[in-house]
Amino acid sequence: MSLPLLHWTEAGQACSALWRSERGAAPPKRVVLADDTTTADDAYHLACEGTALLWRGDFQNARQLLQALARRIDKTPQRKQRAAKGAAIHKAPVSPADGFNLHRQAQAQRARVLAMVLLPFNADYSIPLRRAPDARQACTEAWGPAAADGIASVASLRDLLGMTSAHEWRKKGVEIPALGAAPKNRIHPHYGVFSPVRGEYIDLVATTPLPKGDSLIAFDIGTGTGVLAAVLARRGVARVVATDQDPRALACARENLDQLGVADQVSLLQANLFPQGLASLVVCNPPWVPARPSSPIEYAVYDENSQMLRGFLNGLVAHLAPGGEGWLILSDLAEHLGLRSREELLAAFAAAGLRVLERRDAKPVHPKATDGTDALHAARAAEITSLWRLGPLH
């Protein structure tokens, strides 16, 4: 896929470079040069107006500027706080769904403003700025190998920070107790592939009794890092077919399965939901919130119109071997946010010709569940993650 060009004027000359945006944003139409003399207030006003700032100063000063912009975004002026309190007296309470949508809008606006601080990259992904880190490996993992005859590019500082953070996660890995004792129990997420930091859903898959029978075949739908396929293989499932649409996820899963020593038991396949054939166990951990994702990484969290959830449910019966069952791992966060009711979920089961064999629940233990300052704290505090064991109605 060819990348678009970003255009700007510098020293009276027309300039251009490849434009890279992880969230698929179009190149900014207005670009100005910025450096160590640019004030945070000026940068904030320009960014809010949609003007991008191409940085030409010290790299560490660019990071400080980004932090200053974030503080300005997150700090609501006192006059607005007073106006909001006054308006709240005369307004009906905001519903959980409206509160969620307002939160998403605020987060999207915040991301747009912070993405306006841009960095130049040489053709080999080095950064031609004072005190810039060597981020070539992180860029290669995210963007692919640099072309020998490549040209310079531009990306947001925020994207770079995300890539370097993902690079560190990939090196360190995430310990998964359900995979056994260290050191052969770590999953190494790649850039753009959701990290398995929510351990409760993994524990549910690791402890729920497997269907009876020898030489079990299982499907892992939407494998991501491959963590659930690895757990099933470690539990003794003879053969697992793991699918995903994202080439990044498949490459990540392949590396993890090789490293864990279970690659012989797991076949990886690029597919939308199901592979061909039947299985005694079909596992799916779809995105839990029915909302529109705003970047590729959010496809692991947001499932617009519950497309993946409904696709899994509607196709499950046709892919179950006699006596087989499907395991749906789903949080009820969407229910607490008013985005999907329990009645709607149960109706979707019935419409797909499925019955509930059992439901196993786990309480999340991630930090946001107890963070009172989180905008969605009320919903997160009540959240339960469930493994629904599903079978055919007849």
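**Salt bridges and helix packing in a predicted model**

Good morning. The structure holds 19 salt bridges. Please bear in mind that this is a predicted model. Let me begin with the general idea: side chains of opposite charge can pair when their charged atoms come close.

A second salt bridge joins Arg72 to Asp41, with the closest N and O atoms 2.8 Å apart. Here too, distant parts of the chain are linked: Arg72 is in helix H2 and Asp41 in helix H1, 31 residues apart.

There is also a network of salt bridges, which links Glu325, Glu358, Arg360 and Arg389.

I now turn to the helices. How do H2 and H4 pack? Their angle is about 150 degrees, and their axes are 10 Å apart. Angles over 145 degrees count as roughly antiparallel, and therefore H2 is roughly antiparallel to H4. Among the residues that meet are Leu66 and Ile73 in H2, and Val113 and Leu114 in H4. This contact comprises six nonpolar, no polar and two charged residues.

Helices H5 and H6 cross at roughly 95 degrees, their axes coming within 9 Å. H5 is therefore roughly perpendicular to H6. Their contact has six nonpolar, three polar and two charged residues.

Thank you for your attention.

Definitions and conventions. Residues are numbered from 1 along each chain as its sequence is written. This is a predicted model: local features need pLDDT of at least 70, side-chain atom pairs count only at pLDDT 80 or more; totals for chains, interfaces and linings use all residues. Side-chain values use heavy atoms; hydrogens and water are left out. Axes are lines fitted to C-alpha atoms, for helices over the stretch in contact, and angles run from 0 to 180 degrees between N-to-C directions. Helices (H or I, at least four residues) and strands (E, at least two) are DSSP runs, numbered from the N terminus. Angles under 35 degrees count as roughly parallel, over 145 as roughly antiparallel, 65 to 115 as roughly perpendicular and the rest as oblique. Contact means heavy atoms within 4.5 Å. Ala, Val, Leu, Ile, Met, Phe, Trp, Tyr, Cys and Pro count as nonpolar, Asp, Glu, Lys and Arg as charged, and the others, Gly among them, as polar. A salt bridge is a side-chain nitrogen of Lys or Arg within 4 Å of a carboxyl oxygen of Asp or Glu.
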